[in-house]
Amino acid sequence: MSGAAEVLRRLQERGETLAVAESLTGGLVAAELTSVAGASRSFRGSVTAYATSLKRDVLGVDGALLAERGAVDPDVAGAMAAGVRRVLGADWGVSTTGVAGPDAQDGKPVGTVFVAVSGPGGVQNVAELRLNGGRADIRKKSVRSLLELLSGELGENARAQDTEQNGGN
């Protein structure tokens with residue numbers, strides 16, 4: 001089962017929804033999710049916020065943070081995930097931001113990527129990736145890494161819910 005299919009299966013089992021905020025991946029995460037039949041049961045939509053101003057104006061990322069650190073930053077990734085979750089009314093929000101190349105950006109080398117997950121109960125997880133390859137490879141690896149991060153959170157979150165429901169046993 002593909003990463004997207006696994007994520008959507010877990011979300012559907014839980015009756016939860018997902019929204020995506022993408023920068024360097026430019027819609028590839030949404031395309032991967034919507035390639036799975038039945039995705040509409042859990043996938044709410046996406047915002048491709050390629051321009052920094054959209055990260056601020058649409059997703060609610062703090063303008064001072066963007067001005068100080070640039071768009072390729074772990075806190076920006078986390079704010080994007082939380083912002084898209086809020087804006088699109090989803091249980092889970094995920095995001096990608098980074099440098100696919102060919103040139104460095106904001107003082108960050110090509111292959112620097114941050115992927116983030118924001119979920120119920122205060123779940124917030126950001127992973128820093130150092131990816132090799134050309135632009136297309138970096139973008140594909142970013143999608144795969146984001147889906148793996150979300151899948152892990154859904155698995156851990158499900159185990160925590162089971163423990164709570166079973167009296168801590």
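A salt bridge is counted here when a side-chain nitrogen of Lys or Arg lies within 4 Å of a carboxyl oxygen of Asp or Glu. The model is predicted, so local features need pLDDT of at least 70 and side-chain atom pairs count only at pLDDT 80 or more, while totals for chains, interfaces and linings use all residues. Residues are numbered from 1 along each chain as its sequence is written, and side-chain values use heavy atoms, with hydrogens and water left out.

**View 1. The salt bridge between Asp73 and Arg69.** The side chains of these two residues meet with an N to O distance of 3.2 Å. Asp73 is buried, at 6% relative accessibility, where buried means under 20% relative accessible area, exposed means over 50%, and partly exposed lies in between (1.4 Å probe, protein chains only). Arg69, at 33%, counts as partly exposed.

**View 2. Glu6 and Arg10 in helix α1.** In the salt bridge between Glu6 and Arg10, the closest N and O atoms are 2.8 Å apart. Both belong to helix α1 (residues 3–14), and because they are four residues apart they are separated by about one helical turn; helices are DSSP runs of H or I with at least four residues, numbered from the N terminus. Glu6 is buried at 17% relative accessibility, whereas Arg10 is partly exposed at 23%. A network of salt bridges links Glu6, Arg9, Arg10 and Glu13.

**View 3. The pairing of Glu128 with Arg130.** The closest N and O atoms of this salt bridge are 2.6 Å apart. Glu128 is partly exposed at 44% relative accessibility, and Arg130 is exposed at 54%.

Methods. Helix = DSSP H or I, 4+ residues; strand = E, 2+ residues; numbered from the N terminus.
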